[in-house]
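Morning, everyone. Please bring up the model on your screens, and we will go through it together.

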Amino acid sequence: MINYLGTPKIETDRLILRRLEPTDAQSMFDHWLSDERVTDNLIKGAHKTVSETFEWVDGIVREYSSKEFCDWGIEIKTTGELIGEIELYNFDIPTENCEVGYSLGCRWWHQGYGTEALRAVVEFGFRYMNIHKISAAHNIDNAASGRIMSKVGMAQEGMIRHKIRNAKNQYKDCGVYGILQEDYLKNTVSTQTYILNLE
């Protein structure tokens, strides 16, 4: 059975994964939600105004009252910069499976932050929430996201043609990845200490 824990604070070597707040809206807008290089990989398009982002984050904040809602802002410890977002979602009760999705501002690509955040959330999902399987998908033209998934032990299970249609009305083929709890626990020895604040 899934052990829903909401969105607790998680610390890794370089990052703090924490709940988003209304005061984060400007950073979210500036760092990734207004950037088409990031949002081109998402179903929803780039935000045009910061007020749109305020509405977006306000909806997220309201959801934090539910233990079944898991959505973290990704913050760099040393600078306090909010650089992205990561979530566990689409929980399926019969299978105890879920999906993970993430976005990272372009300024912080290729520095290992996406891998570090994903590894922490996968660890949390398996060791604390008792998730059976975590799946993810990425646009085929965004190969870097697939490399992040592979680095945390997720295996590509196939490719789905035209899985999504983005805000530009473009259909995107997606690589589908997954990892089972039993395989993760058997094959993974965490080299990082994840400090959780279970609220």
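Start with the largest nonpolar core, which holds 38 residues; Leu 88, Leu 118, Ile 134 and Met 154 touch the most other members. Keep in mind that this is a predicted model.

Where does this core come from? At least two residues each are supplied by β2 (15–18), β3 (70–76), β4 (82–92), β5 (97–104), α4 (113–127), β6 (133–139), α5 (143–151) and β8 (171–180). Which element gives the largest share? That is α4, with 8 residues. In soluble globular proteins, nonpolar side chains tend to be buried together.

Now zoom in on Met 154. Leaving aside residues up to four places away in sequence, Met 154 touches Val 100, Leu 118, Ile 134, Ser 135, Ala 136, Met 149, Tyr 177, Gly 178 and Ile 179.

Next, helix α1, residues 25–33. Which of its residues are buried? Ala 25, Met 28, Phe 29, His 31, Trp 32 and Leu 33 are. Look at the spacing. An α-helix has 3.6 residues a turn, so residues three or four places apart point the same way. And what do the buried residues of α1 pack against? They pack against α2 (36–39), α3 (50–63), β4 and β5.

Let's take α3 from that list. Two packed helices are described by the angle between their axes and the distance between the axes. For α1 and α3, the axes come within 9 Å and cross at roughly 110°. Angles of 65 to 115 degrees count as roughly perpendicular, so α1 is roughly perpendicular to α3. The crossing is right-handed. On the α1 side, the residues are Ala 25, Gln 26, Met 28, Phe 29 and Leu 33. They meet Val 50, Thr 53, Phe 54, Trp 56 and Val 57 in α3.

Last, the cysteines. A disulfide is a covalent bond between the sulfur atoms of two cysteines. How many disulfides are there? The count comes to 0. Take Cys 70, which is in no disulfide: the nearest cysteine sulfur belongs to Cys 98, 7.7 Å away. The cut-off is 2.5 Å. Cys 70 has 1% relative accessibility, so it counts as buried. Cys 106 is in no disulfide either, and the nearest cysteine sulfur, that of Cys 174, is 18 Å away. Is Cys 106 buried or exposed? Its relative accessible area is 15%, so Cys 106 is buried.

How values were computed: Residues are numbered from 1 along each chain as its sequence is written. This is a predicted model: local features need pLDDT of at least 70, side-chain atom pairs count only at pLDDT 80 or more; totals for chains, interfaces and linings use all residues. Side-chain values use heavy atoms; hydrogens and water are left out. A nonpolar core is a set of buried Ala, Val, Leu, Ile, Met, Phe, Trp, Tyr and Cys residues joined through side-chain atoms within 4.5 Å. Buried means under 20% relative accessible area, exposed over 50%, partly exposed in between (1.4 Å probe, protein chains only). Helices (H or I, at least four residues) and strands (E, at least two) are DSSP runs, numbered from the N terminus. Contact means heavy atoms within 4.5 Å. Axes are lines fitted to C-alpha atoms, for helices over the stretch in contact, and angles run from 0 to 180 degrees between N-to-C directions. Angles under 35 degrees count as roughly parallel, over 145 as roughly antiparallel, 65 to 115 as roughly perpendicular and the rest as oblique. A crossing is left-handed if the near helix is turned anticlockwise from the far one by less than a right angle, and right-handed if clockwise.
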